[in-house]
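Here are my notes on the model, as numbered points. Have the structure open while you go through them.

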Amino acid sequence: MNCDKETIPIFCEAQVEDCQSVEEAVPSGSVFLLTVSFSAQENSVPAPGQFFMLRAKPSKVLLARPISVFEVIPHTGMGYTQVKFMILKKGQGTEELCALKKGDFLELLGPCGNVFPLPDKNEKICIAGGGIGIAPVAGFAKTLPPKSYDFYASFKSGAYGIENISPENLVITTDDGSRGIRGMISAALTAQVLKEKKYSLVYACGPEPMLRYIQKICAEAGVKSFLSLESKMACGMGACLGCTVKTKSGLKRCCKDGPVFEATEIIFEEKKSAQPKPPLEKVDLSVKIFAHSSNDESSASKPLFLKNPVIAASGTFGFGEEYKNIFEIASLGAIASKGLTLEAREGNSGVRIWETPSGLMNSIGLQNPGIPHFIREEFPAMKKIGTSIIANLSGSTAEDYEEGARLLEGTDADAIELNISCPNVSKGGAAFGMTCEDAGGITSRIRKIVSKPLIVKLTPQANDVAAVAMSCVAAGADAISLCNSFQGVAIDIENARPVFEKIKAGFGGPAVRPIALRLVYEVFLEMKKLPQENRVPIIGIGGIATWRDAVEFIMAGASAVQVGTATFANPFAMIQIVKGLEEFMKRKGYASIEEMRGAAV
């Protein structure tokens with residue numbers, strides 16, 4: 001195959017011919033060999049070093065994943081090209097690709113990127129691959145004459161992808177010594193080895209630390225080398241500029257100017273990473289929120305105790321009883337009740353929910369039985385659940401809030417969440433949370449009534465959410481929960497009118513998570529400016545669906561999280577988050593939530 005020819009990318013559906021786990025890969029089931037076929041002209045057949053953007057059909061991810069070509073079987077008898085990809089399963093996109101079966105379809109864009117330049121006839125070649133980086137260099141090696149190169153393959157454990165290459169010498173290293181030489185690639189390939197074996201050209205692909213090392217020893221030995229790099233990509237075509245790498249000639253696009261670069265051109269930037277901690281067998285997931293902004297356990301009021309930091313968000317879990325036959329609700333850290341007002345409410349008329357591709361819009365309008373009815377009927381059943389209960393208090397006027405607070409203060413609720421952020425009511429709700437004066441004022445009035453832990457739930461619609469949060473803390477809030485739903489609009493295009501009668505509606509789900517996370521981060525930064533004794537916990541809310549999402553919020557400064565929309569899609573989401581959090585903390589050596597809180601700030 002002529003590696004110097006220009007190929008023309010195509011976008012099409014490809015059919016899966018085979019998808020099998022690579023048996024030699026460790027751990028089992030971590031690497032898959034995917035074979036696909038598609039119709040392509042000769043100028044669309046990939047050359048060694050190139051990659052395709054692949055996405056399964058259907059898929060839960062927005063972007064295709066860049067996957068290097070492992071092997072090409074051009075122009076089969078049916079007029080189709082077959083391409084093999086070796087895929088490391090490491091996230092949602094690659095998991096979907098690895099789960100494909102014969103006859104399935106995927107979206108394919110490519111071939112993309114440049115190629116490995118062919119060596120001169122008399123050059124002595126060294127090829128090095130590490131982990132899944134074996135795929136492109138092994139694919140390149142198969143196009144070279146047998147015995148015309150030496151091949152160094154480095155793995156953590158086991159060895160794969162090298163069955164069909166024909167090197168003069170094959171050297172394998174494994175971190176655990178399960179194959180070949182024990183150690184990383186540096187145990188077999190050094191600057192001295194490059195000199196002794198008189199290599200004149202090195203090709204390499206692998207994790208960045210390995211490529212840094214190859215760059216270094218090649219510079220020391222005076223040997224020319226080409227490195228195939230990896231970067232997160234969006235378009236794969238050089239248009240979005242999201243995958244740039246730093247070079248001596250400025251920023252270059254990994255997808256278009258690369259992925260193959262001459263090593264001397266690359267500038268590897270130092271990356272800071274957290275110091276690893278030894279794994280733990282047991283961790284503490286509990287969280288305490290003390291009343292009256294006190295960190296003193298002897299405080300007159302009982303603190304809100306969470307056995308874990310996962311709370312069922314108000315308005316998404318009813319009063320807890322609704323899900324009691326689905327899973328063990330007592331395993332949650334707490335349940336926040338449906339939003340409660342002094343008087344019973346029917347809520348909004350018309351359409352109440354509207355699905356979007358990445359979230360859910362709602363216009364429920366605080367339908368609830370009223371606080372007196374809640375205290376008589378729903379609350380006793382909630383207390384029997386066996387976890388902490390947070391009563392979510394809303395209202396239309398300050399007087400309504402005050403009277404509701406008096407009634408809830410007389411119950412055994414573990415805490416009160418002051419909801420000054422509901423976006424779906426005409427009066428009250430978010431109107432109290434838009435300014436520092438209003439938010440601080442209503443918090444102060446309720447603080448005088450309530451001795452229980454008082455959580456203030458904020459709206460993201462305020463001009464300065466962090467300032468509003470600090471005003472609530474100054475007024476006596478014991479914790480800040482943020483944020484409530486964002487406001488959005490949906491249009492019924494068939495009838496040319498807004499979907500919701502009140503035009504605007506609350507919007508939550510995965511789409512809002514990065515924005516909500518930013519708000520938590522900013523409020524935490526402001527909180528750190530206060531004396532330690534004046535700081536209060538933050539409860540993160542907004543698009544949290546997995547344990548990874550929860551970890552992000554905690555590392556951004558949250559002490560706990562509330563989960564809402566995710567429960568509608570997956571009733572087990574919250575208990576899966578609890579389990580995932582615990583496993584993550586054990587693996588990373590975080591002994592407690594407090595130890596992990598704010599780790600990324």
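**Notes on the predicted model**

1. Let's start at one spot: Ala-505 sits in strand β29, residues 504-508. (Helices, H or I of at least four residues, and strands, E of at least two, are DSSP runs numbered from the N terminus.) With a relative accessible area of 0%, Ala-505 is buried; buried here means under 20% relative accessible area, exposed over 50% and partly exposed in between, with a 1.4 Å probe and protein chains only. Leu-360 lies 145 residues from Ala-505 along the chain, yet 9.8 Å separates their C-alpha atoms.

2. Some ground rules. Residues are numbered from 1 along each chain as its sequence is written, and side-chain values use heavy atoms, with hydrogens and water left out. This is a predicted model, where local features need pLDDT of at least 70, side-chain atom pairs count only at pLDDT 80 or more, and totals for chains, interfaces and linings use all residues.

3. How confident is the prediction? pLDDT is the predictor's confidence in each residue, from 0 to 100. The protein chain has a mean pLDDT of 93, and 96% of its residues reach 70 or more. Watch residues 293-299, though: pLDDT stays under 50 there, and the model has 14 contacts for them beyond four places in sequence. A contact means heavy atoms within 4.5 Å. Where pLDDT is low, the predicted coordinates should not be read in detail.

4. The overall picture: 13 helices and 31 strands make up the secondary structure of the protein chain. Its C-alpha atoms fill a box of roughly 90 × 60 × 45 Å along the principal axes. Of the 601 residues, 54% count as buried. Among contacts with a separation of 6 or more, 66% come from residues 24 or more positions apart.

5. Thr-247 stands opposite Gly-250 in β14.

6. A closed barrel of eight strands, with parallel pairing, runs β18-β19-β22-β23-β24-β25-β30-β31. Here neighbouring strands are turned by 25° against each other on average, direction ignored. Strands β22 (residues 388-393) and β23 (residues 415-419) pair in the parallel sense over four bridges, with Ile-390 opposite Ala-415 in β23. Helix α9 (residues 513-528) packs on the sheet, touching β25 and β30, and its direction makes about 165° with that of β30. Helix α12 (residues 573-588) also packs on the sheet, touching β18 and β31, at about 175° to the direction of β18.

7. Helix α7 (residues 436-447) has 12 residues and reaches 16 Å from first C-alpha to last, close to the 16 Å expected at 1.5 Å a residue; the expected span is 1.5 Å times one less than the number of residues. Its buried residues include Ala-439, Ile-442, Thr-443 and Ile-446. Down the axis of α7, the buried residues fall within an arc of 165°, so they line one face of the helix; the arc is that of the directions from the helix axis to the C-beta atoms. Their cover includes α6, β23, β24 and α8.

8. Last one: Phe-374, in helix α5 (residues 371-383). Is Phe-374 buried or exposed? At 1% relative accessibility, Phe-374 counts as buried. Beyond four places in sequence, Phe-374 touches residues including Phe-319, Ser-337, Leu-340 and Leu-408. Ser-396, 22 residues away in sequence, is 18 Å from Phe-374, C-alpha to C-alpha.

Terms used
Pairing = 2+ DSSP bridges. Axes fitted to C-alpha atoms, helices over the stretch in contact; angles between N-to-C directions.
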